[in-house]
Amino acid sequence: MTYGLWERIHGHLALIALILVLHPVVTLPADRVWTRRTAILAALALGVPFALGGWIYPEYGAEVKPGLHPFLRAGFEVKEHLAALAMAAVGSGAVAAQGGDDARKLARHLLFAGWCCGFIAGLLGLWVAGRP
Amino acid sequence: MTDRSVAAAYAAALVFVASYAVQRGVGWWLAVDAGVMASTHTAFYWRCALAALHGGIAALLVGFGARDPSALVRARWAVWAVVLPAIGSLAVFQ
């Protein structure tokens, strides 16, 4: 029961963070203060569900994972992998967003790459969460 | 934020992604995942920690040693050159 609750909180926070990541991806061509700030906020917002996912992972590994179909289990491992990549890309993108013109162009690529990884991870998460 | 700091963060991210993907590939190659990942959570944490360590070392090297950090900042193509193969490796290393 507790695991299920945290799993849902983790998923909802990740969804909010992914929406937030899109803001600097779209607005970074313009050099605006709030674009830079939202890049930082997006990285922090993504860090919360990532940390939460790491926190509930042992319970998942002990109680949920053994009962999953091997195909679903493999899907979840891919989701972890993508979440780690998304965190690295978005974190680096948030730093790059604070730089000059070239750095902001780089930041868009990093943030978008991170968003893509996070989006696929989210889809896999939904798939695993809807397990039979 | 200077180009040197941005280049250091960029290098850290690229190395983190590459390190994580390689570790997953090695785990698959050694057939560690099949047994270990099914029964424990240690591998995920270790992978992240080791990839973060590699990324940190890369950031230090670039931050203190790069002669032209702005060249790395302009190399935006490297994002996709590293991230896309890392995503693609997921389909293989199962």
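A residue is called buried here if 20 or more other C-beta atoms lie within 10 Å of its own, exposed if 12 or fewer, and partly exposed in between, with C-beta atoms placed from the backbone. Select chain A: by that count, buried residues make up 45% of its 132 residues.

Some housekeeping before going on. This is a predicted model, where local features need pLDDT of at least 70, side-chain atom pairs count only at pLDDT 80 or more, and totals for chains, interfaces and linings use all residues. Residues are numbered from 1 along each chain as its sequence is written, while chains are lettered from A and ligands numbered from 1 in the order in which they are written.

Stay on chain A and switch to cartoon. You'll find 4 helices and 0 strands (helices are DSSP runs of H or I, at least four residues, strands are E runs of at least two, and both are numbered from the N terminus). The order from the N terminus is α-α-α-α. With a radius of gyration of 16 Å, close to the 14 Å that the globule rule gives for 132 residues, chain A is as compact as a globular protein of that length; the radius is taken over C-alpha atoms, and the rule is 2.2 Å times the number of residues to the power 0.38. Along the principal axes, its C-alpha atoms fill a box of roughly 50 × 25 × 20 Å.

Now colour by pLDDT, the predictor's confidence in each residue from 0 to 100. Chain A averages 89, and 98% of its residues reach 70 or more.

Next, select H3(A). Its 27 residues reach 39 Å from first C-alpha to last, close to the 39 Å expected (1.5 Å times one less than the number of residues). This helix is mostly covered, with 21 of its 27 residues buried.

Zoom in on Leu85(A), which sits in helix H3 of chain A. Is Leu85(A) buried or exposed? Leu85(A) is buried, with 28 other C-beta atoms within 10 Å. Show its contacts (C-beta atoms, placed from the backbone, within 7 Å): leaving aside neighbours within four places in sequence, they are Cys117(A), Val17(B), Tyr20(B), Val83(B) and Ala86(B).

Bring in chain B. Here you'll see 5 helices and 0 strands, and 38% of the 94 residues count as buried. Where the chains meet, 30 residues of chain B are in contact with 27 residues of chain A. H1(B) supplies the largest share of chain B's side, 11 residues. By class, that side has 20 nonpolar, 6 polar and 4 charged residues; Ala, Val, Leu, Ile, Met, Phe, Trp, Tyr, Cys and Pro count as nonpolar, Asp, Glu, Lys and Arg as charged, and the others, Gly among them, as polar.

Of its 65 residues, Leu85(A), Tyr10(B), Ala11(B) and Val17(B) touch the most other members. H1(B) gives the most to this core, with 15 residues. Finish by clicking Ala11(B), which touches Ala58(B), Ala59(B), Val62(B) and Leu72(B), not counting residues up to four places away in sequence.

Conventions
Contact = placed C-beta atoms within 7 Å. Core = buried A, V, L, I, M, F, W, Y, C linked by C-beta atoms within 7 Å.
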